Amino acid sequence: MLLEHFAEVLSVLRRNRLRTLLTAMSVAWGVFVLALLLGAGTGLEKGTEWEFRDDAVASLFVQSGLTSVAYAGHKVGREVRFMDDDYDALGREITALEHRSGRFYLWGEFQVRRGTQHSAFDIRGVHPGHQYLEKTEIVRGRFINDADILAHRKVCVIGSKVREALFVKLDPIGQFIQIRGLYYLVVGEFEDIGGEAELRRVYVPISTAQLVYHSPRRIHNLMFDLRTADLEQSLRTGEQTQRLLAARHHVSPADRRAIRVYNNLERFYKVTSVFKWIRVFVWIVGLGTLLAGVVGVSNIMLIAVAERKKEIGVRRAIGATGASIVTMIMLESILLTALSGHLGLILAVALVEWATQTFKELPFMREPSVDIGVMSLAAALVVVSGALAGLFPALRAARVDPIVALRAGA
Amino acid sequence: MTFAVPGTGNGGRGPVTTVGCQEIVARIWPHIVLGWGKRAVPDAPSKMLRLEQINKSYQSGSSSLHVLKDIELEIDRGDFVAIMGSSGSGKSTLLNLIGILDRYDSGAYYLDQHLVRDLGDREAARYRNQFIGFVFQAFNLLSFKTALENVALPLYYRGVPRRVRNQRALEYLERVGLRDRAHHLPGQLSGGECQRVAVARALVTQPSLLLADEPTGALDTERSYQLMDLFQQLNQQGLTILVVTHEHDIAERTRRTIVLRDGRVVSAGG
């Protein structure tokens, strides 16, 4: 029987083509704008995630400095120095840890030579886990491994810019380069999406760096990542790390100047929470536009009801109940809004898809898309708003007095 | 051209026409859908309708217009009655009241022995759909629907499936001689044809009572007489008909004329 009602409503919609078209346009536009904004929002969000892609998202980074609080009999201003023991302790105590690395910086840029070629590059001593934490991509050879660390090998892994400067197009693997007068065997070359500065870097085993630069067992920074990207877990681990290292160095656990844990995941969530608000904003704007469309439909249906008073009177006289008149107007409204709303949705999705295909490298935008969940929500919303738009006109139509309707214009 | 109109003078016992399977479905269907159990088995000869001490006034601002005053009226099954009167005599109001389009203030109105008073929306709609057929002066066809769709519309509100109702509608169009115009829009039909479509629409539900408000008002004399011929034919087959008119030659072709003046029945004919 529902099919019969739809057929009846369709015949009415077909009669008022222009009106139907104009009404449909206002709703289609509302849904189009909503879907487009949501798509753009998703794109912005993914763009930000892309910006974070350089480092392991669930990573923590620990820096040391001077104490700012007197604690356990030690005075203020003592320098905290991380050592290999701390690196080992992290591996022992932090159960959620996946990869870890220390960093030993050779402060300033160093002259690196190969034959007559030379240039200044940034040198870092690291553990093997560093590769995962920085998402370093090996394009030739290998990264630093445990054997290098144990044997204090004089090997290095160079960035592609370093290779360009020293080897031009030659294969650097197996060649030697000279860093501050010492020869290192090149075992690998890497790329990094983090930018130019990362590619002008030379990694050496941390144990080698410590030895050569007269700082046995010294580590400047500690870093590690977690198996899960759960913020709660990550924050807890941050606290645990702070307490662990504070205890090992007889520092107040609240002394953030002495030991500071940077939580990349927390930073990531802070930025993405901005996008949550952008999303809320987008919904408000989009729903506002949709609401305007719905009010338009309601308005037009009210006019339509006034225009069709006589028709409604005739229908009443030949046996239509008030309920059937309400059903007719509501169905008309729902059908109109649903059809045009879905048209707007399809157009928006098509446009977003086209934009994704055409502009692969939009700044801050990546793969803008309207996901299925949002789409079905929008679709449901359109039907509900159609019902809402039709409600008042339908109730008014049900109140049409057949006598008055039939008398007028007789 | 013979056709049966059930619920008329002979108590629905005849004339018996052979009916097809679809016809049976069409007749039984509304009973199933609407739980149509209230229709009494008529005792012949019984009154089609009876009005007792009916009063009706319209409020317009502070003044009250007393339109119908103590109307007493009985109409038998199978009667063919003209209601005459000058404009403002209350004849249209009386017809609307009988057609349950309007309410009365006091008195009692029995339609087919059912008291019609303070009916709910659903019940009033059902009475209109099943007991009464309306023919209006202005035809009141829906302009965007074909003749066939217009005739089928009352059956839509009765919940008859589309195929059955279109077949029935076509049958009734044939009875008013417009089968070949079934797929024309009202705008493509002459006034006389429109009115015959309207008559077919009023008859398609097989009502007990046909109410016509100035049905010839928009027709020329020849077409008017043709319509009255049709009404007479329908009446001979047992349909009770009430026609509101102010034309004497139209009233003369009915069996009985009721004259209203200033809201009172001054002559009940006979």
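Author: Buried means under 20% relative accessible area, exposed means over 50%, and partly exposed covers what lies in between. The model discussed here is predicted.

Reader: Does Glu174(B) count as buried, partly exposed or exposed, and which residue forms a salt bridge with Glu174(B)?
Author: The relative accessibility of Glu174(B) is 42%, so Glu174(B) counts as partly exposed. At 43%, Arg179(B) counts as partly exposed too. The closest N and O atoms of the salt bridge are 3.1 Å apart, and the partner of Glu174(B) is Arg179(B).

Reader: Which residues are joined into one network by salt bridges that share partners?
Author: Over all chains the count comes to 30 salt bridges. Some of these bridges share partners, and in chain A they join Asp122(A), Arg124(A), Glu198(A) and Arg201(A).

Reader: How many residues apart are Arg218(A) and Glu79(A)?
Author: The side chains of Arg218(A) and Glu79(A) form a salt bridge of 3.9 Å, N to O. Arg218(A) is in strand 11 of chain A, while Glu79(A) is in the loop between strand 1 and strand 2, so the pair links distant parts of the chain. Arg218(A) is buried at 9% relative accessibility, whereas Glu79(A) is partly exposed at 40%.

Reader: Are Asp118(B) and Arg103(B) buried or exposed?
Author: Their side chains meet in a salt bridge of 4.0 Å, N to O. Asp118(B) lies in the loop between strand 5 and helix 3, and Arg103(B) in the loop between helix 2 and strand 4, so the pair ties together parts 15 residues apart in sequence. As for accessibility, both Asp118(B) and Arg103(B) are exposed.

Reader: How many helices and strands does chain B have?
Author: Chain B has 270 residues, and 54% of them count as buried. Among its contacts between residues at least 6 apart in sequence, 73% join residues at least 24 apart. The secondary structure of chain B comes to eight helices and ten strands.

Reader: Which residues of chain B lose the most area to chain A?
Author: In this interface, 25 residues of chain B are in contact with 27 residues of chain A. The two chains bury about 2,300 Å² between them, 60% of it on carbon and sulfur atoms. Together, 29% of what the side of chain B buries comes from the three residues that lose the most, Phe144(B), Tyr156(B) and Tyr157(B).

Reader: Which side chains meet in the salt bridge between chain B and chain A?
Author: The interface of chain B and chain A has six residue pairs in polar contact. The count of salt bridges between these chains is one. At 2.3 Å, N to O, this bridge joins Arg316(A) and Asp121(B).

Reader: Which helix gives the largest share of the side of chain B that touches chain A?
Author: Helix 3, helix 4 and helix 5 of chain B each supply at least two residues of that side. The residues of the side divide into 13 nonpolar, four polar and eight charged. The largest share is five residues, and it comes from helix 3.

Reader: How far apart in space are Leu230(B) and Val199(B), C-alpha to C-alpha?
Author: Leu230(B) is in helix 7 of chain B. At 10% relative accessibility, below the 20% limit, Leu230(B) counts as buried. Beyond its neighbours within four places in sequence, Leu230(B) is in contact with Arg175(B), Val176(B), Arg196(B) and Val199(B). Leu230(B) and Val199(B) are 31 residues apart in sequence, and their C-alpha distance is 9.3 Å.

Reader: Which side chain does a polar contact join to that of Arg103(A)?
Author: Arg103(A) lies in strand 3 of chain A and is buried, with a relative accessible area of 6%. Leaving out residues up to four places away in sequence, Arg103(A) touches several residues, including Phe61(A), His130(A), Glu134(A) and Met223(A). The polar contact is 3.0 Å, and the side chain at its other end belongs to Tyr105(A).

Reader: What is the phi of Gln113(B)?
Author: Gln113(B) is found in the loop between strand 4 and strand 5 of chain B. At 41% relative accessibility, Gln113(B) counts as partly exposed. Although Gln113(B) is not a glycine, its phi is positive, at about 70°.

Key:
Residues are numbered from 1 along each chain as its sequence is written. Chains are lettered from A and ligands numbered from 1 in the order in which they are written. This is a predicted model: local features need pLDDT of at least 70, side-chain atom pairs count only at pLDDT 80 or more; totals for chains, interfaces and linings use all residues. Side-chain values use heavy atoms; hydrogens and water are left out. Helices (H or I, at least four residues) and strands (E, at least two) are DSSP runs, numbered from the N terminus. Buried means under 20% relative accessible area, exposed over 50%, partly exposed in between (1.4 Å probe, protein chains only). Contact means heavy atoms within 4.5 Å. Buried area is the accessible area (1.4 Å probe) that two parts lose on being put together, summed over both. A polar contact is a pair of N or O atoms within 3.5 Å; within protein, one must be able to donate a hydrogen and the other to accept it, and residues adjacent in sequence count only if both atoms are side-chain atoms. Ala, Val, Leu, Ile, Met, Phe, Trp, Tyr, Cys and Pro count as nonpolar, Asp, Glu, Lys and Arg as charged, and the others, Gly among them, as polar.
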